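Here is a short briefing for a first look at this structure.

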Amino acid sequence: MTDRYAVVGNPVAHSKSPAIHAAFARQTGQDMTYSRLLAPLDGFDQAVERFRIGGGKGLNVTLPFKGEAFRFATERTKRARSAQAVNTLRFDEDSVLGDNTDGAGLVQDILGNLGVPLAGKRVLLVGAGGAASGVIQALLETRVAKLVLANRTVERARDLAQRFGGSVEPCGLDALGDAGFDLVVNATSASLSGEAPSLKPGVFAPGCVAYDMMYGKGETPFLAAARAAGAGRLADGLGMLVEQAAESFEVWRGVRPQTAPVLEMLRGTE
Ligand code: ATR
């Protein structure tokens, strides 16, 4: 029987994951289907249980259910525990594995696709919600020199940073000094409302990399601000999306697909 996978979210109609995983399956010759599962906002567990009973083998989990997926899992990987959020569920015989591939996806996109090394770099991560918490551990593991976590609401940055001991420095957006960063990552949801987090131009060191975890048609407000401030390289989150998908695909199928042709395909249809 063909193995079934899906992405669960609300909303989920816009998700590019079905196209990505269909391409991975074709490329690696895996016998599987991958669809969209719209779960009611108050009905995540029931929707997932139904999918599993119907023979589902695994799910990607998107907003707003990553916290619920974390609680749903009976076993959690180290990176899921660190993020306290799950974007990948694998249904095994007697257990449900919860994993989080977002951080690996971001780091793989930066190191592999953009070719930008992270070791020894000064990194600013903006935002302290689910998107930020999913990537901190992976950024730290690249041995960055400094990781500053800045958020509009400073208490949220402090709470999140505290989970990582002293290795993450929390601060408010307005308290960022004039020191520039080599990499500035936008993990806020500001782009959704057509805004950019308010950052002093000085945080973008000349020639730095500006990375928006969001993606969409055209330049996001954050990337436009980064360009105006002198960033040398701009990247949206499409590469991260494809890389986190490849990582999930490997968790489910034990095979690592190639991401470059799939990223190229998506860029071509944007
Ligand atoms: P997600 O799971 O996408 O991270 P979230 O948990 O609601 O969503 O977090 C949204 C993040 O975007 C928060 O860091 C939020 O800042 P606050 O904690 O101060 O609310 C940030 N954010 C959203 N809109 C923003 C804006 N216009 N400017 C700056 N930060 C913004």
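Strand E1 (3-9), strand E2 (32-38), strand E3 (56-61), helix H3 (66-72) and strand E5 (88-91) are among the elements that cover the buried residues of helix H2. The model is a predicted one. Helix H2 spans residues 44-53.

**Helix H2**
- Phe44, Ala47, Val48 and Phe51 are the buried residues of H2.
- Viewed down the helix axis, these buried residues fall within an arc of 95°, so they line one face of H2.
- An α-helix has 3.6 residues a turn, so residues three or four places apart point the same way.
- Arg50 and Ile53 lie on the other side of H2, where they are exposed.

**Two domains**
- The protein chain is split into domain 1 (3-100) and domain 2 (103-238).
- Domain 1 gives 7 residues to the contact, and domain 2 gives 10 residues.
- The centres of the two domains, taken over C-alpha atoms, are 26 Å apart.

**The interface between the domains**
- Domain 1 and domain 2 bury about 640 Å² between them. Carbon and sulfur atoms give 44% of that area.
- Lys16, Ser82 and Ala83 supply 54% of the area that domain 1 buries against domain 2, more than any other three residues.
- The interface of domain 1 and domain 2 has 1 salt bridge.
- 3 residue pairs are in polar contact across the interface of domain 1 and domain 2, both residues being at pLDDT 80 or more.

**A salt bridge**
- Lys78 and Glu141 form a salt bridge, with their closest N and O atoms 3.6 Å apart.

Key. Residues numbered from 1 in each chain as written. Predicted model: local features only at pLDDT ≥ 70, side-chain atom pairs only at ≥ 80, totals over all residues. Heavy atoms only, no water. Buried < 20%, exposed > 50% of the residue type's maximum accessible area, 1.4 Å probe, protein only. Helix = DSSP H or I, 4+ residues; strand = E, 2+ residues; numbered from the N terminus. Arc of directions from axis to C-beta. Contact = heavy atoms within 4.5 Å. Domains from an automatic or database assignment. Buried area = accessible area lost by both parts, 1.4 Å probe. Salt bridge = Lys/Arg side-chain N within 4 Å of Asp/Glu carboxyl O. Polar contact = N/O pair within 3.5 Å; in protein donor to acceptor, adjacent residues only side chain to side chain.
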